[in-house]
Amino acid sequence: MSMQTGYASSTSELQSYAPAATDAGVAAPAPRREIARSRPVTAPRDARTEPGPVRFIIIALAIAFLSIFVVLPLVVVFASAFSKGISAYIAALAEPEALAAIRLTLLIAAISVTLNLVFGVIAAWAISKFDFTGKTFLITLIDLPFSVSPVISGLVFVLLFGAQGYFGPWLQAHNVHILFAVPGIALATIFVTFPFVARALIPLMQEQGTQEEEAAISLGASGLQTFFRVTLPNIKWGLLYGVLLCNARAMGEFGAVSVVSGHIRGETNTMPLLVEILYNEYQFVASFAIASLLAMLALITLIVKTILERRLDEGQLPNGD
């Protein structure tokens, strides 16, 4: 009796693995038994589980690096600027050469930021909203100043507009001054700063797509109405971010401006150039006083940049603020 029972159980077990016949006469695969295997479940590793000494060394190295290469230079600049008192600091900034350099720097920054703002918006609009031949080449041209040394870019303008340059004889014949004057400084600064606005807007506008603009146009809005009422509110934080970086680079540019300015005192020296001249003449207080203005500009730029990055990460608020 036990043998028959064992035979029946083994037969039923074999039938459970046998292919089952379908109505069409084609054998269908029989269901297979799932074998549960116990596997140990490991929790995801937390970075904070590193040993205490390792975390301490990493944090200490980061703080030491920032202190040596960021905090310490800023402290030295401001300490040297105020080393002879606030009266000497103010007197250094009130010098005619210093005031001329500050005015020229603000003028060049205003020209560069305005033109790059217009160019950056147009370029970002064209690249993100339209498909056309040469689109990749245009993006490459926008990135070109990032890969070219500012000194080389300044030298290019010398080769173009210098006395022995391509346009030099014509400019001299018509008494037009490009080099060693405001136009040359503005051209060199525009060249090294024009990618910032476009590069801040292109990924943002590509991510937003064209649905809202198409909807506005389908409802009867014109191109300008669509831009000012739909596109511009959506890109305002990215636009401010690009303008901020462009302005900071324009005020602090040294290499390209140094090549095309001619270092004419009181006329073509911007703030970075005046810092070098005063330092070479051992006027350390005056030199660091001008440098402190650039340092304060860098700190303000860093603070505003952090705020704008937070707004960009958070996205557009529901109330449009």
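Analyst: Start with burial: buried means under 20% relative accessible area, exposed over 50%, and partly exposed in between (1.4 Å probe, protein chains only). Arg265, at 37%, is therefore partly exposed. This is a predicted model, where local features need pLDDT of at least 70 and side-chain atom pairs 80 or more, while totals for chains, interfaces and linings use all residues. Residues are numbered from 1 along each chain as its sequence is written, and side-chain values use heavy atoms, leaving out hydrogens and water.

User: How many salt bridges are counted?

Analyst: The rule asks for a side-chain nitrogen of Lys or Arg within 4 Å of a carboxyl oxygen of Asp or Glu. Here it gives 6 salt bridges.

User: With which residue does Arg265 form a salt bridge at 3.0 Å?

Analyst: The partner is Glu97, with the closest N and O atoms 3.0 Å apart. The pair joins distant parts of the chain, 168 residues apart. Glu97 sits in helix 4, and Arg265 in the loop between helix 12 (255-261) and helix 13 (271-280). Helices are DSSP runs (H or I, at least four residues; strands are E, at least two), numbered from the N terminus. Glu97 is partly exposed, at 27% relative accessible area.

User: What does Glu281 pair with?

Analyst: Glu281 also forms a salt bridge with Arg265, at 2.4 Å between the closest N and O atoms. These two are 16 residues apart. Glu281 lies in the loop between helix 13 and helix 14 (284-314). Its relative accessibility is 33%, so Glu281 counts as partly exposed.

User: Which residue meets Asp131 in a salt bridge?

Analyst: Lys135 does, at 3.3 Å from N to O. Asp131 counts as exposed because its relative accessibility is 72%.

User: Where is the largest cavity, and what lines it?

Analyst: On a 1 Å grid over the protein atoms alone, a 1.4 Å probe fits in a cavity but cannot get out; a pocket is an open set with protein on both sides within 12 Å along at least five of seven lines; lining residues have an atom within 4 Å of a point. There is 1 cavity of 30 Å³ or more, and the largest holds about 40 Å³. Volume is the space filled by probe spheres set on grid points, which are joined across faces, edges and corners. Thr105, Ile108, Thr189, Ala250, Met251, Glu253, Val257 and Thr270 form the lining. Helix 4 (96-129) and helix 11 (223-252) each give two or more of these residues. By class, the cavity lining has 4 nonpolar, 3 polar and 1 charged.

User: What is the volume of the largest pocket?

Analyst: About 160 Å³. Its lining includes Phe161, Leu171, Asn175, His177 and Phe180. Helix 7 (residues 168-173) gives the most, with 3 residues. The pocket lining has 7 nonpolar, 5 polar and no charged residues.

User: Which residues form the nonpolar patch on the surface?

Analyst: Patch residues have over 30% relative accessible area and no salt bridge, with nonpolar side chains joined within 5 Å and like charges within 9 Å. Phe65, Leu66, Ile68, Phe69, Val70, Val71 and Val75 form this one, with about 680 Å² of accessible area together. Val70 is in helix 2 (residues 52-81). At 40% relative accessible area, Val70 is partly exposed.

Key:
Ala, Val, Leu, Ile, Met, Phe, Trp, Tyr, Cys and Pro count as nonpolar, Asp, Glu, Lys and Arg as charged, and the others, Gly among them, as polar. Accessible areas come from the Shrake-Rupley method with a 1.4 Å probe; for residues, only the protein chains shown count as cover.
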